[in-house]
Amino acid sequence: ALARLVEDAFGSSRRRLLGETNATNADAFNSTVAQWMLDIARSASSIAEESAEGRAQAISTLTALLNAAPDVLEGSARADGLEQLQSVLEASEYEGVDKDSTANAMSAVDAVLLADSSALSTVDLLAIGLAVAGSASGLGRSLLAGALAGEEVSTATGSTLNLTASRAYADAVQNVTLSPAFGVGGASPAPGNP
């Protein structure tokens, strides 16, 4: 329901502005509205992080914001949204997240990674990369909530990112150097993506 409201807000403001001006101005307006909504979400997140239901709602809200119009968001806004997502996921580390929240988190990361980044600065791209890695790490720890060493691997799959998390016995990793499979934090592209 919230995702629909966000999409309707972006769509109606874009249609209204397109009738009066060009798409660039509509995108600038939408970017401003999106940043304002992310600022509100940040204010509400600290309260939301206190309960599992609140965290699930915060993840859903951030996903709706990042999915609504990721191409019009400035790089700093994309990174900010994912940093907020990371914070909520880290708050979920001990209780975990449900399947819907996992799917929403992966959808938010996918939206940012699939958005047009051709006009973003190197600084913005680095901030987004760190926020993606942080969100993936937070989600991985949340997937491990209550898991014991030797139990089945937890996975989360998106269109741009696959995440696998498992606990290991201490003696299984004793005197072993663990290195990531690829990139920051062991993040690797999903099959079929470069």
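Reader: Fine. Experimental or predicted?

Author: This is a predicted model.

Reader: What does the secondary structure of the chain come to?

Author: There are 6 helices and 2 strands. From the N terminus, the order is α-α-α-α-α-α-β-β.

Reader: How much of the chain is buried?

Author: Buried residues account for 40% of the 194 residues.

Reader: And the contacts, what share join residues at least 24 apart?

Author: That share is 70%, counted among contacts between residues at least 6 apart in sequence.

Reader: On to packing. How do α4 and α6 cross?

Author: Their axes come within 8 Å and cross at roughly 15°. The angle is under 35 degrees, so α4 is roughly parallel to α6. The crossing is left-handed.

Reader: Which residues make the contact?

Author: On the α4 side they include Gly75, Ala79, Leu82, Leu85 and Glu90. On the α6 side they include Asp124, Ile128, Val132, Leu139 and Ser142.

Reader: Now α4 and α5. Parallel or antiparallel?

Author: Roughly antiparallel. The axes of α4 and α5 cross at roughly 160° and come within 10 Å. This crossing is left-handed.

Reader: Who touches whom?

Author: α4 brings Arg78, Leu82, Leu85 and Leu89. α5 brings Ala105, Ala108, Val109 and Val112. By class, that contact has 7 nonpolar residues, no polar ones and 1 charged.

Reader: That leaves α5 with α6. At what angle do they cross?

Author: Roughly 165°, with the axes of α5 (residues 99–114) and α6 (residues 122–143) coming within 11 Å. That makes α5 roughly antiparallel to α6. Their crossing is left-handed.

Reader: Which side chains hold that contact, by residue?

Author: I can only say which residues make the contact. From α5 they are Thr102, Ala105, Met106, Val109, Val112 and Leu113. From α6 they are Ile128, Val132, Ser135, Leu139 and Leu143.

Reader: Let's do the core. Which residues touch the most other members?

Author: Leu82, Leu85 and Leu139, in a largest nonpolar core of 31 residues.

Reader: Which helices supply it?

Author: α2 (23–48), α3 (52–68), α4 (75–91), α5 and α6 each give at least two residues.

Reader: Zoom in on leucine 82. What is it in contact with, beyond four places in sequence?

Author: Leucine 82 contacts Leu66, Ala108, Val109, Val112, Ile128, Ala131, Val132 and Ser135.

Reader: Switch to leucine 126. Buried or exposed?

Author: Exposed, because its relative accessibility is 55% and the cut-off is over 50%. Leucine 126 lies in helix α6.

Reader: How far is it from glycine 75?

Author: Leucine 126 and glycine 75 are 9.6 Å apart, C-alpha to C-alpha, and 51 residues apart in sequence.

Reader: Last one. Where is asparagine 162?

Author: In strand β2, residues 162–165. Asparagine 162 is partly exposed, with a relative accessible area of 27%.

Technical notes:
Residues numbered from 1 in each chain as written. Predicted model: local features only at pLDDT ≥ 70, side-chain atom pairs only at ≥ 80, totals over all residues. Heavy atoms only, no water. Axes fitted to C-alpha atoms, helices over the stretch in contact; angles between N-to-C directions. Helix = DSSP H or I, 4+ residues; strand = E, 2+ residues; numbered from the N terminus. Parallel < 35°, antiparallel > 145°, perpendicular 65-115°, else oblique. Left-handed = near helix turned anticlockwise from the far one by under 90°. Contact = heavy atoms within 4.5 Å. Core = buried A, V, L, I, M, F, W, Y, C linked by side-chain atoms within 4.5 Å. Buried < 20%, exposed > 50% of the residue type's maximum accessible area, 1.4 Å probe, protein only. Nonpolar A, V, L, I, M, F, W, Y, C, P; charged D, E, K, R; others polar.
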